Amino acid sequence: MKISYKWLKRYVNTDKTPEEISKILTDTGLEVEGLEKVESVKGGLKGVVIGEVLTCVPHENADKLKVTTVNVNNGEALQIVCGAPNVAAGQKVVVATVGCTLYPSPEEAFKIKKSKIRGVESVGMLCAEDELGLGQSHAGILVLPEETEVGMPAASFFNLEDDYLIEIGLTPNRSDAMGHIGVARDLVAYLNVHEDANLSLDLPSVKAFKVDETSETVNVSVENSDLCPRYAGVTISNIQVAPSPEWLQNALRVIGLSPINNVVDVTNYVMHELGSPLHAFDLRTVNGNVVVKTAAEGAKFTTLDEEERTLAGDQLMITNGEQNMCIAGVFGGLESGVKEDTTAIFLESAYFNPVSVRTTAKAHGLNTDSSFRFERGVDPNMTAFALQRAALLIKELAGGVISSEVTDLYPNPIENVKVEFSYDRCNRLIGTEIAEDKVDAILTNLDIKILSKENGVAQLQIPAYRVDVTREADVIEEVLRIFGFNNIPLPTKLNTSLSARPKVDREKLQYTVAELLTSLGASEMMNNSLTQSTYVEKLGGEVLTPERNVAMLNPLSQDLDVMRQSLIFGALESVAHNQNRQNPDLKLYEFGKVYRKFDAEYNENTRLVFALTGLKEKEQWNAGKAKVDFYTLKAHVEAIFTRLGLAGMLQQKELKKSILVDGVQLNVLKFKMGEIGWISPKMKKHFGIKQDVFIADLDWDAIVDAMKMNKVKFTELPKTFAVRRDFSLLLNKEVTFAEIVTLARKADKKILKDINLFDVYEGDKLEEGKKSYAVSFTFQDAEKTLKDKQVDTVMEKIRGLLEKDLKAELRS
C-alpha cells in the first residue's frame, strides 16, 4: 500500500516529519516497509528549461524535420532539429539541454546528447508532454503561454514538488487502511491518545453536492443482491475530457499511478483517498440502462487491456441490459471506458461481494487496484459519500452538470457489529493496567462507538468497514496497537518447565531423510495443500471420507476447494504430469501436512509420501530393464528406518482399510508408522497413469515421536566369529517371512543376531498350496566363542515353534 506524505497531511493537521509518521504507523500495526523521497516527475526535470523559438526553417534533407534556433537565456541560441508538426517561430517551449536525462516513464530513461540528424547538428530537444513524463500526449511539443519567462527551470514552471512515499506492508485483515483516510485515522488516534493533540480527521466536504437537472436519467437494476449488496450511480453531462491539473497528477505519480485524464484520474484519486473504488462509463454506451447481473456462460468480453476474456456463469457483470460493460469490481471494458470525445458519463460506486470479486479476479488472472480492495471488503457505508466526492471533483476539473438523481440500491443494509467488552479482561490479556478513560479514548478515536457501560463491561458498536473486528479479542487488539506494543512492560521473572529429555530436532531429521532419499536417486516434489474434493469422493474408500474434508470458504476454483486429506493424490498428479512429458521412470518424495475435520475439531498431520514407478535404473547399454516393484519400495523404506535407528523396532502387519492395494502396515511397537503398497487400477485410470506406481505413505509425526524411544548404545566390535545355521522349510503358501522372524526371536534374544530369507521355491515339484523357504540364522556372542551345543539348542527351539505354530516341515 503506497501513501503520499503530503496527501496524508491534507487530513491530519500535524507537523510530524515523514520519519516520525513512519515510526508511529509501524507502532500501530501498519508496518512501514519503506520510506523514500519521491520527485513528482522522476529526475525532477533537471536540465530542462523554458526556451523561445527564434527561427524555424525546413530541414534540407528531410521533409518532416525542421531546424530551429532556440533562446534559453544563456547568451547563445541553440540549434535544435525538431520533428514536431506544431513547432513554429515565436513559441515558448520546453527545452531539454545536453546532458540531462528524461524519464517518459519511471522505468524508461534516455539521456540528451549532442548529435547530427541528417547531417545537421542538434544540441538539445524540444519536448512533448509524454517525453517529460507529464502525461500521455505525443501530438506535438508543448507550447507555453507567451508571457512565460525564458530560461526559467521547467520544474518551477510546472510547480513540481518533492514528496515522500510511505510504503506500508498492509496485511489482508486491515481493509480499513486501503486509503489515505484510513491511515490518517490511525495517525490521529495515536497522536490524540499519546500526545493529547486534540486532532480531528479532516474528511473532504460533500455539502456542495446537488442535482442540477434530470435530463439524463439512467434506469438501474440489480438482479443478484447477494453478489452486489449495494449499487449507486449518477450521471454527469457536458463535461470536457482533458489532462488533469498539476496537483492531481503529482498526487497520483507519487503513489505510482500514471495520469490519464481528468475523469479517470478523479476516480483513482478518490479510490486511494477513501478506499472505495469507482468506475466511470461513457454514457453513450449505457443506452439509458445499467443492469447488474451474472454473465452468460462462455460469453466473450474485451477488457481495457484489449484482451478478450471468456466469462463464467457465476461472474458478476455491469451491463446495459444487452452488452457487457465491465467485470464488476475487477476491470472495465474497452468499449465503455472514458474517451477523449466523451461528453457525459455514468459514475458508479458500489459494494460487491468480496468472495465473488476474488473468485472472478483469480479466474482471469487479474489483480487490479479495484479488485484488491473489493476482495478484502470495502466500507459499504462509504459508497454514497465516495460517489458525491468524485462527482464534485469531476465537476470542478471537467465542468458539466449533475444530470440525474443519485440512484442508491441498498435493499439489505449491512449492520454494524455489536460486541460486549470487559475492561478487566482487556487488561489481563494485554498484560498491563490501562486506565479506563484511555481505553475509551482509543475506542472513540477508532470510530468504535460506546453504546453503554455497566459494572466494567461496555456494549460497543463496530463500524462496518472494520471487517476484521467481530469479537472482544479483536477490540482488545485494537486497544493494544494504539496503546503501543512497546509500552507493555517486560516481566522481571520468567517461569519455564525444563524437560529432562532432549528435544527431537524435527528439521534435522527431515533433512537427514531427505538427503538419504536424494542419494537413492529420488527427487523432492512440492504439491499444493489445496486440492479437489472429488478425489476423496471417488477414490477415498472407507478411509478418506467427504465429511472429513476441510472445505474452503472462498475457493479459488472447483479444483482447489478443499485442504488435502492425503499426500497420495498430489503424488499421483506429479507422476501423471511427468509421464505425459515422456518422463515415466520416477522416484518422488514429499514432506507435507494433511488436514481432516472430526466433528467440530480440525486435525493437522505431517506425512512423508514416497512414490516409485518405471525402471529401476536409467536406460543405458550396460543396465538391464528391470522395473521397480514392491520390494524395491520396501527396501527404500527400511533404509529410512535404519537411518533413523528404528529398524530394530519395526514390525509389519496386514494392511487393512487403505486406499492402497495389498502391501503392509508398518508399526514401531504398537504405534502405526504408515503403510506401503501400490495403487489400484481405478486410481491408475482416474489419473491416466499407464504403469504400476508403488507408494509409501508414512506418518512423519509418529516417526518423530518414535525417535524418543530410540536409545543409541555404543558397543565394541565382537572379538568372536559368527555361526550360521540354515533351515529348508516346507510351508503353507499363506505363511509370511515376518511370522518366521517373530517365532525365531521368541526362541532366543541373546545370541540370535540375524535372520535372513535367501531362497524361495514354488512349483509343480511341491504339493499344491505349499512353498519352500531357505532361511539362515546367524548366532554370535561378543564375549566368548559359541559351542555347537548352544547353537543346536536354540535351533531346536526354533524348529519346534515353527512346526507347532506354522505347521512347517524340514526338508532334507
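Residues are numbered from 1 along each chain as its sequence is written, and side-chain values use heavy atoms, with hydrogens and water left out. Because the model is predicted, local features need pLDDT of at least 70 and side-chain atom pairs count only at pLDDT 80 or more, while totals for chains, interfaces and linings use all residues.

**Stop 1: the largest pocket**

Select Lys-634, Gln-652, Phe-737, Ala-738 and Val-741, which lie nearest the centre of the largest pocket among its 35 lining residues. On a 1 Å grid over the protein atoms alone, a pocket is an open set of points with protein on both sides within 12 Å along at least five of seven lines, a cavity is a set of points where a 1.4 Å probe fits but cannot get out, and lining residues have an atom within 4 Å of a point. The space in this pocket is about 1500 Å³, where a volume is the space filled by probe spheres set on the points, and grid points are joined across faces, edges and corners.

Next, colour helix H20 (737–747); H20 gives the largest share of the lining, seven residues. Helices (H or I, at least four residues) and strands (E, at least two) are DSSP runs, numbered from the N terminus. By class the lining has 16 nonpolar, seven polar and 12 charged residues. Ala, Val, Leu, Ile, Met, Phe, Trp, Tyr, Cys and Pro count as nonpolar, Asp, Glu, Lys and Arg as charged, and the others, Gly among them, as polar.

**Stop 2: a hairpin at the pocket**

Strand S36 (661–668) is one of the elements that give two or more residues to the lining of the largest pocket. Select S36 with strand S37 (residues 671–678): six bridges join these antiparallel strands. Two strands pair if DSSP finds at least two bridges between them. Leu-666 stands opposite Gly-674 in S37. The two strands form a hairpin with two residues between them, and Leu-669 in the turn has a positive phi of about 60 degrees.

**Stop 3: strand S28**

Select strand S28 (residues 457–462) and show its side chains. Ala-458, Leu-460 and Ile-462 point to one face and are buried (under 20% relative accessible area; exposed is over 50%, partly exposed in between, with a 1.4 Å probe and protein chains only). Strand S26 (residues 417–422) pairs antiparallel with S28 over six bridges, and Lys-418 stands opposite Gln-461. Strand S27 (residues 449–454) also pairs antiparallel with S28, over five bridges. In the hairpin of S27 and S28, Asn-455 takes a positive phi near 55 degrees.

**Stop 4: Glu-478**

Move to Glu-478 in helix H13 (residues 472–483). Glu-478 is buried, with a relative accessible area of 2%. Not counting residues up to four places away in sequence, Glu-478 touches Ile-442, Leu-446, Arg-466, Asp-468 and Val-469; contact means heavy atoms within 4.5 Å.

**Stop 5: the cavity**

A search of the whole structure finds one cavity of 30 Å³ or more. The largest cavity has a volume of about 40 Å³. Select its lining residues, including Thr-531, Tyr-535, Asn-549 and Phe-569. Helix H15 (534–539) and strand S32 (562–563) each supply at least two residues of this lining.
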